[in-house]
Amino acid sequence: MDEINQIKNFANQTLVPIVKDDGLSFILDYIKENNVKLILEIGTAIGYSSIKFAQVNPDVRVYTIEFDIDRYQQAVKNVNDCNLGEQITVFLGDAMAFDFDDKFDMIFIDGPKAQYINFFEKFKNNLSPNGVFISDNLSFHGMVEDLSLTHNYSTIKLVKKIRKYIEFLKQNTEFETTFYSIGDGVSVSKKT
């Protein structure tokens with residue numbers, strides 16, 4: 001368990017974004033309560049959430065995709081340091097370039113915010129019959145609800161894309177989405 005605390009501390013010190021504690025607790029409970037076995041994670045960062053998912057149960061398998069080479073290498077190291085190489089496969093590249101035949105019990109969207117709709121559309125056919133999408137950062141530090149919290153042009157553009165994704169989820173008739181104001185804003189989308 002000491003390794004996971006070191007990973008979390010490293011993330012905080014180097015400003016690598018990782019899932020907030022209460023959002024993570026919610027997802028870990030979901031994995032336990034719904035007997036989730038196969039997970040696709042879009043946005044590995046340094047492997048923190050993948051490791052936490054895999055630690056729920058030795059039967060859990062995680063495929064996780066990271067675009068940034070440095071974060072990818074750190075994630076692989078962290079996974080190996082936690083002796084979870086059998087449970088977690090870390091892929092390097094753009095998630096939009098990957099195709100899987102697998103059916104996932106959970107797809108965790110936590111990668112580039114501007115691509116959330118594209119990720120959802122691309123991987124929706126990879127969900128198992130009772131599978132869900134869980135999306136993180138839908139509040140984006142409160143800015144989605146209150147745009148006056150930032151005056152940075154690129155952040156404003158990003159927040160508008162997150163708002164567009166939330167609207168996409170609300171209007172999507174294929175999936176029913178529940179929104180939770182925990183962590184940095186989490187949603188769970190199930191096929192209707």
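I started with the rings: Y63, F91, F98, F100, F104 and F123 are linked into a cluster by ring pairs (Phe, Tyr or six-membered Trp rings with centres within 6.5 Å; planes under 30 degrees apart are stacked, over 60 edge-to-face, the rest tilted). This is a predicted model, where local features need pLDDT of at least 70 and side-chain atom pairs 80 or more, while totals for chains, interfaces and linings use all residues. Numbering runs from 1 along each chain as its sequence is written, and side-chain values use heavy atoms, without hydrogens or water.

Searching the whole structure gave me 17 aromatic pairs. I looked up F100 and F123, a tilted pair at 6.3 Å centre to centre with 40° between the planes. F100 sits in the loop between β3 (88-92) and β4, F123 in helix α5, 23 residues apart (helices are DSSP runs of H or I, at least four residues; strands are E, at least two; both numbered from the N terminus). F100 counts as buried at 13% relative accessibility (buried is under 20% relative accessible area, exposed over 50%, partly exposed in between, with a 1.4 Å probe and protein chains only). F123 is buried too, at 1%.

Next I checked Y116 and Y165: the ring centres are 5.1 Å apart and the planes at 80°, so the pair is edge-to-face. This pair links helix α5 to helix α6, 49 residues apart.

Then α5 itself (residues 116-123): its buried residues are Y116, F119, F120 and F123. They span an arc of only 100° around the axis, so they lie on the same side of α5 (the arc is taken from axis-to-C-beta directions).
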